[in-house]
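Please examine the sequence and the structure shown below.

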Amino acid sequence: MTHLTAHSRELTAGAAAQPRRLRISPAIRAMVRETSLSAGDFIYPLFVTHGQRLKREVASMPGVFQWSPDLLAAEAESIARLGIPAVLLFGLPDHKDATGTESCAPDGAVQQAVTIIKKAVPEMVVITDVCLCEYTDHGHCGVLNTGGDLRPYPHLPEGYVLNAETLKILADVAVSHAEAGADIVAPSGMLDGMVRAIRAGLDARGFEHLAILSYSTKYASAFYGPFRDAAQGAPKFGDRRSHQMDPANAREALRETALDVAEGADMLMVKPALAYLDIIRMIRERFEALPLAAYNVSGEYAMIKAAAANGWLNEQQAVLETLTGIQRAGADLIITYHAKEAAQWLI
Ligand code: PBG
């Protein structure tokens with residue numbers, strides 16, 4: 001303190017509140033840290049495609065790959081070694097059609113991957129995404145009302161995703177994932193009654209014990225762009241605004257979440273994460289009894305990767321700050337493509 005002038009000492013001495021006292025050393029900072037990220041909070045998404053010995057990088061998501069099921073035993077072992085407890089699987093079919101038939105195939109890419117991962121690493125929590133957009137030839141999340149004047153429901157718009165018709169298929173998809181050995185199913189289509197239909201379908205087939213992680217608050221977001229490359233599930237026309245939420249709405253998230261809880265959701269989700277930290281905080285406070293996941297989506301990942309590749313950001317610091325922010329907002333679990341790298345940085 002000898003370098004301080006008498007005058008500047010006077011200004012700080014005796015001041016009651018000096019927050020910097022608790023920032024003076026790494027040890028003290030660590031002691032008072034309120035949020036501490038760990039690999040155990042992460043869920044790592046994986047894209048699975050048919051084939052053998054395939055590991056194809058996704059152009060808009062450096063470090064993220066489409067995998068053939070056979071390679072996933074070794075990959076699951078490396079994920080588990082990093083302390084990451086769970087994966088979330090997305091499938092790319094060989095064949096797409098109007099109703100996404102391959103989504104329920106016992107030998108579908110996801111179904112094969114589930115079995116392979118559970119055999120290689122039994123303690124890995126395998127979560128499967130339940131949606132039709134990767135499986136339909138039109139890229140929409142369900143069965144469409146199409147046919148012009150001859151469409152089945154003339155009072156509904158052309159191209160409208162039909163709720164009841166789609167729910168029936170989603171329940172079959174969930175059962176087929178359960179039969180393959182999935183631990184948790186995660187419906188992502190934002191259709192009304194989706195959780196109830198899947199719960200009923202699972203229970204009817206003896207899967208009462210299997211949990212549902214609902215994509216309970218999912219916005220119609222531009223940040224899914226790179227994912228649609230990775231999973232080849234971009235809509236061929238139109239958008240998803242008739243089922244996904246309007247980014248302008250917050251109170252509506254309470255309604256969506258309350259419905260999913262009433263229908264039997266075991267875990268909740270907010271997606272995307274970064275433009276929706278207020279929603280994460282709100283759902284955490286209003287639905288405090290249920291575990292809450294936040295999905296740090298493909299576009300959020302791509303932004304950091306692109307900036308880091310240009311030397312515009314320190315990637316490690318930006319990623320850990322981002323994930324800490326999502327946790328601080330109230331997420332118990334973070335679904336993130338950064339999981340493996342972040343886990344290494346946290347060791
Ligand atoms: C739908 C689904 C999507 C994502 C997860 N599940 C895409 C969409 O709704 O269009 C996006 C995830 C991401 O961007 O990382 N099956």
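The sections below proceed from the whole chain to single residues.

## Basis of the report

This is a predicted model, in which local features need pLDDT of at least 70 and side-chain atom pairs count only at pLDDT 80 or more, while totals for chains, interfaces and linings use all residues. Residues are numbered from 1 along each chain as its sequence is written, and side-chain values use heavy atoms, with hydrogens and water left out.

## The chain as a whole

The chain contains twelve helices and 13 strands. Helices (H or I, at least four residues) and strands (E, at least two) are DSSP runs, numbered from the N terminus. The radius of gyration is 23 Å, close to the 20 Å given by the globule rule for 347 residues, so the chain is as compact as a globular protein of that length. This radius is taken over C-alpha atoms, and the globule rule is 2.2 Å times the number of residues to the power 0.38. The C-alpha trace spans about 90 × 45 × 40 Å along its principal axes.

Of the 347 residues in the chain, 53% are buried. Buried means under 20% relative accessible area, exposed means over 50%, and partly exposed lies in between (1.4 Å probe, protein chains only). Among contacts with a separation of 6 or more, 73% are between residues 24 or more positions apart; a contact means heavy atoms within 4.5 Å.

A pair of aromatic rings is described by the distance of the centres and the angle of the planes. A search of the whole structure finds nine aromatic pairs. Rings of Phe, Tyr and Trp (its six-membered ring) pair if their centres lie within 6.5 Å; planes under 30 degrees apart count as stacked, over 60 as edge-to-face and the rest as tilted. Tyr215 and Tyr295 form a tilted pair, with 6.2 Å centre to centre and 45° between the planes. Tyr215 lies in the loop between β9 (211-212) and β10 (217-218), and Tyr295 in strand β12 (residues 292-296), so the pair ties together parts that are 80 residues apart in sequence.

Tyr295 also forms a tilted pair with Tyr337, at 6.1 Å centre to centre and 45° between the planes. Because Tyr337 belongs to the loop between β13 (333-336) and α12 (339-346) and Tyr295 to strand β12, this pair ties together parts that are 42 residues apart in sequence. Tyr295 is buried, with a relative accessible area of 1%, and Tyr337 is buried at 3%. One aromatic cluster is formed by Phe47, Phe90, Tyr215, Phe227, Tyr295, Tyr301 and Tyr337.

## Lysines over rings and a cis bond

The charged end of Lys271 sits over the ring of Tyr295, 4.9 Å from its centre. A charge sits over a ring if NZ of Lys or CZ of Arg is within 6 Å of the ring centre and within 35 degrees of the ring normal. Lys218 likewise lies over the face of Tyr224, at 5.5 Å from the ring centre.

Lys271 is joined to Pro272 by a cis peptide bond, with omega about -10°. Pro272 is located in the loop between β11 (268-271) and α9 (277-286).

## Positive phi values

Which phi value does Arg53 have? Phi of Arg53 is near 50°, a positive value in a residue other than glycine. Arg53 lies in the loop between β1 (42-49) and β2 (55-58) and is exposed, at 65% relative accessibility.

Met190, also not a glycine, has a positive phi near 60°. Met190 is found in the loop between β8 (184-187) and α6 (194-204) and is buried, with a relative accessible area of 5%.
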